[in-house]
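Q: Can we go through this one together? I'd like the overall picture, then the charges.

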Amino acid sequence: MPSVRETITAIKETIPIMDPEEDYMTIAEAEELMAKTEATRKKELDDAHAKLRALARILDAARVSATRPSSVPSANQHTAILNDLDANRIQLAKAINDSESALASKEAELARLKQETGELEQSDPAAEHDLDASALRLALYKGLGFEPIMDSDGRMAKMLIRAQHGDVYCVSFDGNKNYYEYAQELWKLASS
């Protein structure tokens with residue numbers, strides 16, 4: 001074992017070669033490098049775990065899709081399946097038949113309506129009836145509130161006017177006014 005003096009002498013000899021600032025910087029750089037290396041390794045480890053989980057899910061999905069029924073259907077089950085398929089086919093055929101019947105019915109109705117439309121377009125209701133223009137004019141006048149009163153010779157002697165508010169007026173055609181003045185008076189009374 002070295003003596004205390006020898007130890008002190010050895011320490012004194014190493015003091016000139018020690019630089020605390022440089023040693024601190026070296027230690028700080030080493031710690032920073034170790035932190036970066038640890039972060040990189042942790043990221044690589046997390047990525048590897050994520051890939052492992054994805055592969056495990058794929059493996060589970062492959063196992064599920066690869067499993068087959070453990071038993072083959074019995075003859076009774078096979079017959080029941082076929083009976084269900086036959087019943088579905090019958091229902092489908094019935095639905096198709098019903099749809100075709102409905103379509104044929106609608107097509108017949110459409111043809112009938114087209115024929116009726118053509119007949120109506122070719123017919124002339126005015127030609128089928130003897131229309132009296134005077135009767136139409138009188139009906140129109142009455143609808144507007146004017147009712148002519150004829151004298152014994154068949155000429156219009158007076159006009160009854162039903163006003164909008166419900167009153168009835170009588171205008172005599174005695175020849176004292178021209179047609180324009182009579183028309184103004186009739187419309188004035190009708191709109192009152």
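**Fold and charges**

Q: What share of the 192 residues of the chain counts as buried?
A: In this predicted model, 6% of the 192 residues count as buried.

Q: What would the radius of gyration be for a compact globule of 192 residues, and what does the chain have?
A: A compact globule of that length would be near 16 Å, but the chain has 57 Å. The C-alpha trace spans about 170 × 75 × 30 Å along its principal axes.

Q: How many helices and strands are in there?
A: There are 6 helices and 3 strands.

Q: And in what pattern along the sequence?
A: The pattern reads α-α-α-α-α-β-β-β-α.

Q: Contacts next. Of those between residues at least 6 apart in sequence, what percentage joins residues at least 24 apart?
A: That comes to 22%.

Q: On to charges. How many positive and negative side chains?
A: The chain has 23 positive and 34 negative side chains. The centres of the two sets lie 4 Å apart.

Q: How many salt bridges?
A: The count is 8 salt bridges. Side chains of opposite charge can pair when their charged atoms come close.

Q: Which residue does Asp-98 pair with?
A: Asp-98 forms a salt bridge with Lys-94, with the closest N and O atoms 3.3 Å apart.

Q: Where do Asp-98 and Lys-94 sit relative to each other?
A: Both are in helix H3, residues 75-122, and because they are 4 residues apart there, about one helical turn separates them.

Q: Exposed or buried, that pair?
A: Asp-98 is partly exposed at 42% relative accessible area, while Lys-94 counts as exposed at 54%.

Q: What about Arg-155, which side chain does that one meet?
A: The Arg-155 side chain meets Asp-151 in a salt bridge, at 3.9 Å from N to O. Arg-155 is exposed, with a relative accessible area of 53%, and Asp-151 is partly exposed at 29%.

Q: Which residues are linked in a network of salt bridges?
A: Asp-151, Asp-153 and Arg-155 are linked in one.

Q: Last one: what is the N to O distance for Lys-177 and Glu-185?
A: Their side chains meet in a salt bridge at 2.6 Å. Lys-177 counts as partly exposed at 37% relative accessibility, and Glu-185 is partly exposed with a relative accessible area of 25%.

Technical notes
Residues are numbered from 1 along each chain as its sequence is written. This is a predicted model: local features need pLDDT of at least 70, side-chain atom pairs count only at pLDDT 80 or more; totals for chains, interfaces and linings use all residues. Side-chain values use heavy atoms; hydrogens and water are left out. Helices (H or I, at least four residues) and strands (E, at least two) are DSSP runs, numbered from the N terminus. The radius of gyration is taken over C-alpha atoms; the globule rule is 2.2 Å times the number of residues to the power 0.38. Buried means under 20% relative accessible area, exposed over 50%, partly exposed in between (1.4 Å probe, protein chains only). Contact means heavy atoms within 4.5 Å. Lys and Arg count as positive and Asp and Glu as negative; His and the chain ends are not counted. The place of a charge is taken as NZ of Lys, CZ of Arg, CG of Asp or CD of Glu. A salt bridge is a side-chain nitrogen of Lys or Arg within 4 Å of a carboxyl oxygen of Asp or Glu.
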